[in-house]
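Here is a friendly note to read with the model open beside you. Take the points one at a time and find each spot as you go.

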Amino acid sequence: MKINEKLTKPITEVNYLRAENVDRYRVIIRFFYEQYEKIQYWLYKEDVFEAMIQTGLFPDYTLDQCQSDLSSLTEWKNLIAIQDTSKVTSIEEFKNRKYRYQLSEYTIEIERMTLKLENLQVEGASLEPTLLERIQYQIMCIETLQDASMEEIHTWWKDLNANFIRLNQNYQDYIRTLNNAKAEEMMKTESFLLFKEKIISYLRNFVKGLQEHAMILEDYIQNIPFENIVVLIEKTVNYEMSIPRMDDKIQKQDVYDNFMARWDSIYSWFVGKNGISEVNRMSDITNEIIRKITRYAQQIGELQNQGANRAEEYKHISDLFGKCQDLSQAHKMSVLFFGVDKPLHMQAIYNRNTDSIDSGVYEEEITYYALEPRTRVATVKTKRQPAQDYNLEREQQRLEILEHKQAQNEKLKNYIRDGVVDFEKIDILDGESRKILLSWLSKGLNDANKTSKTDDGREFYIDDSNLKTIEVKCEDGMFVMPSYRICFKG
């Protein structure tokens with residue numbers, strides 16, 4: 001991020017949005033902006049005063065208050081005031097200084113932002129598959145633009161960026177509206193079923209268009225030579241620098257870095273990095289929203305059907321109970337529908353003679369089960385048992401470790417020739433010996449004097465003279481490393 005003077009200084013043009021008389025200031029600025037849209041740039045205070053009176057919000061508004069408000073807005077750089085001397089006929093009129101007022105550039109952009117915020121919920125967001133078609137067409141025009149003029153390339157670049165920004169912003173805004181708390185609550189209501197299919201169809205059409213165009217774009221963008229992109233962006237930057245500007249002169253390198261970053265965003269969006277693109281994320285998020293909408297609709301439908309089915313079931317059950325001859329038959333009917341009131345759970349039946357499910361409890365052999373008391377007072381007596389002797393197992397384990405270690409030492413001796421382990425001269429290295437030798441090498445290299453000791457106390461030092469890259473043949477592959485030598489002392 002580049003820090004400059006414009007970034008750190010305060011923006012006084014936004015003071016009218018939070019000042020004490022914000023209601024009057026905002027109406028004045030809005031009137032100026034509406035006239036600006038009608039190409040009426042310059043206004044007198046009488047025009048502003050008449051407009052304020054016509055609103056009906058300020059019946060006691062005076063011309064002096066209007067002049068004070070215009071002066072405050074001029075002081076905050078919202079308005080540009082120029083003295084009008086075209087119709088001056090006397091010195092007295094010249095002293096009164098009749099001014100014309102115009103909106104500043106900052107205020108125009110601020111007022112556009114406030115209008116966008118006011119209409120944010122009204123306009124809403126949408127998913128437009130046609131944007132993908134436009135972007136695909138513009139991307140596929142790259143080859144034909146190599147010999148085009150700078151003006152044509154600049155127009156192509158602006159259109160591509162505008163469509164890409166619109167696609168990204170519209171998608172994020174629309175998905176955010178489907179994931180907010182208000183949408184979650186609405187999905188749980190029965191009225192949601194009326195337009196559930198429309199939303200799902202809308203999302204599926206977008207996903208279908210995304211899959212059709214995104215795959216083509218991904219393959220096409222990957223095959224575009226980077227040199228062609230650099231040439232187009234350089235021509236666009238040259239055209240941008242050729243545009244005459246009255247404000248501060250922009251730096252060519254900043255414009256170039258900005259345009260390259262925009263192309264990198266387009267590349268990451270469709271192709272992605274490390275195999276993950278924004279298109280894949282978009283498809284996954286949209287499919288997840290479709291599944292969520294379907295799940296909520298299914299739950300609502302089940303609740304409706306469940307209530308209807310249960311009502312018919314209860315009516316049918318009540319008719320069956322009404323046909324029972326006596327209470328005993330009603331009890332049997334109750335067990336059939338609602339289950340046993342106090343069922344008896346049988347457990348601890350071991351060593352069955354048969355696996356048949358038709359075998360009854362009384363046909364099984366008797367099994368005794370010791371019950372333990374559940375009260376806090378009664379405790380189960382424990383039997384004292386002597387500690388088991390594991391000396392034999394420990395001795396056996398120790399002998400196995402010693403035997404393994406001795407065998408490993410014999411293997412290591414084969415790699416030590418004349419007190420030196422030369423990795424370059426090793427024929428083949430097993431995995432366990434490689435681990436031990438590399439641990440020795442790591443100990444020696446971590447020491448300032450490049451010396452260390454093995455586990456059995458043997459001293460050694462690392463010889464790193466005449467280093468070169470070698471390949472050591474191992475049992476599990478080729479190991480690439482510098483040609484270190486481990487030299488033992490004595």
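Predicted model: local features only at pLDDT ≥ 70, side-chain atom pairs only at ≥ 80, totals over all residues.

1. Residues are numbered from 1 along each chain as its sequence is written, and side-chain values use heavy atoms, with hydrogens and water left out.

2. Look for helix H12 (residues 226-242) and helix H13 (residues 252-270), which pack with their axes 10 Å apart and at an angle of about 135 degrees. H12 is therefore oblique to H13 (under 35 degrees is roughly parallel, over 145 roughly antiparallel, 65 to 115 roughly perpendicular, and the rest oblique). Helices here are DSSP runs of H or I with at least four residues, and strands are E runs of at least two, numbered from the N terminus.

3. Next, find Leu 336 in helix H15 (residues 327-338). Its relative accessibility is 64%, so Leu 336 counts as exposed (buried means under 20% relative accessible area, exposed over 50%, partly exposed in between, with a 1.4 Å probe and protein chains only).

4. Now visit the loop between helix H16 (391-415) and strand E3 (420-422), where Asp 418 lies. Asp 418 is not a glycine, yet has a positive phi of about 55 degrees. Most residues other than glycine have a negative phi. Asp 418 counts as exposed because its relative accessibility is 81%.

5. Finally, Asn 466 sits in the loop between strand E5 (459-463) and strand E6 (469-474). Asn 466 also has a positive phi, near 60 degrees, and counts as exposed at 74% relative accessibility.

Terms used:
Axes fitted to C-alpha atoms, helices over the stretch in contact; angles between N-to-C directions.
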